[in-house]
Amino acid sequence: MSTVQPPKPYLTGHYAPVADEHTVTALRVRGTLPPELTGRYFRNGHNPRPGVTPTHWFRGSGMIHGLRLRDGRAEWYRNRWVRTPAFEHDAPLMREDGSIDLAASVAGTHIIEHAGRLLALQEANLPFEVTPELDTVGAYDFGGKLTTAMTAHPKEDPVTGELHFFAYSPFPPHLIYYVASADGALIRSEVVEGAGPSLMHDFAITENHVVWLDLSVVFDPAEHSGIPYRWSDAYAPRIGVMPRTGPARTTWYEVEPGALLHVTNASEDAQGRITVEGPRYDRAAWETSWKWWVGAPGHPNTPLTGALGTRWTLDPATGKATEEAVDDLTTEFPTINDERLGRANRYGYAVAFPGAGLEEYALVKYDSATGARQLMPVGPGVMPGEAVFVPAEGGTAEDHGYLLTITSDIVRDTSELLVVDATDLSRDPIAVVELPRRVPGGIHGSWIPDTDLS
Ligand SMILES: [Fe+2]
């Protein structure tokens, strides 16, 4: 007797994939789109082909949803799969001879712009370059200089324009640090000594340092979901601090067991103390969320459960780390005004998930100066995506700007791009762009102003 498997949560509800690619022009806008928002909003996410059931949420083919805004108009929406070997002919990451095909990516985690180039990223692979119209150019290896994978969370220094990034691996060398110059040349590659085989989805930079997250989720070949990592109580979790310039001597700080997918930001003070913030998972939160990511029995209703805002302070004078909770909501996809990246930021934004006192999804804004938290409900049955901050032209305060987020409404089977005034989340959105159909819940994206592509 055959058993019917329940559908995977990442193929249903908000995450039900779309079956094809559309291009639609002249979208309807409610409210007024600020003319200064002239550029593109691109958002990546996992969207398997029809009939394909990946073994893990993160293994679904990458699809980018894009909106072209210009002079107060929403000129087009289009969605395109990233045409990688994994998408075109299911090429595996590991070839039959055991070597790794770094181009066998689903390229479904993020899309960024650097030095005028658009890169779709997935951390086990090379980046994939796409055009401003979302056609795939191909794998990008910095002119042959990048011979490893590249994180999906590179950091562009807002002052120098350099792109800092890394590769991590279950096999030595476990961690390699890279810097690309503002004009896109790979100028530095350095093995980080002392790093272990942990899952490093993100990292942080400050003005003078790089921060490594060597935490409690580590390589485990017994995990067969296709993402071979598991929580380990036996692993000694650490946060590493490395000078950005000079030799790569990393100071490792012992921390409590935990896992972090995303850093909100990090900064350093005059005494050299480093502060790092982000939504932290304990073992139960990680393993519960993982059940959703693989569609295991008893999985929760939302993809993320129990990640709580946490701040670590690393003090070189004592060699100790201290850890404090900064909030009691489950949040993820933290964002800031990236002009503050690596510097002390006052404001942070995130998606708040149902659970722990919240019945529906919301956007949330934090003010670290006052401790205030402002929630923006988006309505029953509606899920907002990562809220990307776009600074306002001539803005004089850190929060003068817009939050861009694509919603998924499973009641009305629609999606919208919300343009929200970041100074006050209690106001109605400044503009709402009506999308031609529902956009599945996704991962990360970027606002790419035309000035960055010229
Ligand atoms: Fe991420």
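Is histidine 153 buried or exposed, and what is its relative accessible area? Histidine 153 is buried, with a relative accessible area of 7%, where buried means under 20%, exposed over 50% and partly exposed in between, with a 1.4 Å probe and protein chains only. Histidine 201 is buried too, at 9%.

Before going on, this is a predicted model, in which local features need pLDDT of at least 70 and side-chain atom pairs count only at pLDDT 80 or more, while totals for chains, interfaces and linings use all residues. Residues are numbered from 1 along each chain as its sequence is written, and side-chain values use heavy atoms, with hydrogens and water left out.

Now to the iron ion, whose protein donors are His153, His201, His262 and His444, each through NE2, at 2.0 to 2.1 Å; donors are N, O and S atoms within 2.8 Å of the metal (3.2 Å for Na, K and Ca), and because water is not among the atoms, sites may look incomplete. The 4 donor atoms subtend angles of 92 to 164°, which makes the arrangement irregular, since four donors count as tetrahedral if all angles lie between 85 and 135 degrees, four count as square planar and six as octahedral if opposite donors are over 155 degrees apart and all others between 65 and 115, and anything else is irregular.

Turning to the domains, the assignment, automatic or from a database, gives domain 1 (1-112 + 397-454) and domain 2 (153-377). Their centres, taken over C-alpha atoms, are 23 Å apart, and the contact (heavy atoms within 4.5 Å) takes 28 residues from domain 1 and 28 residues from domain 2.
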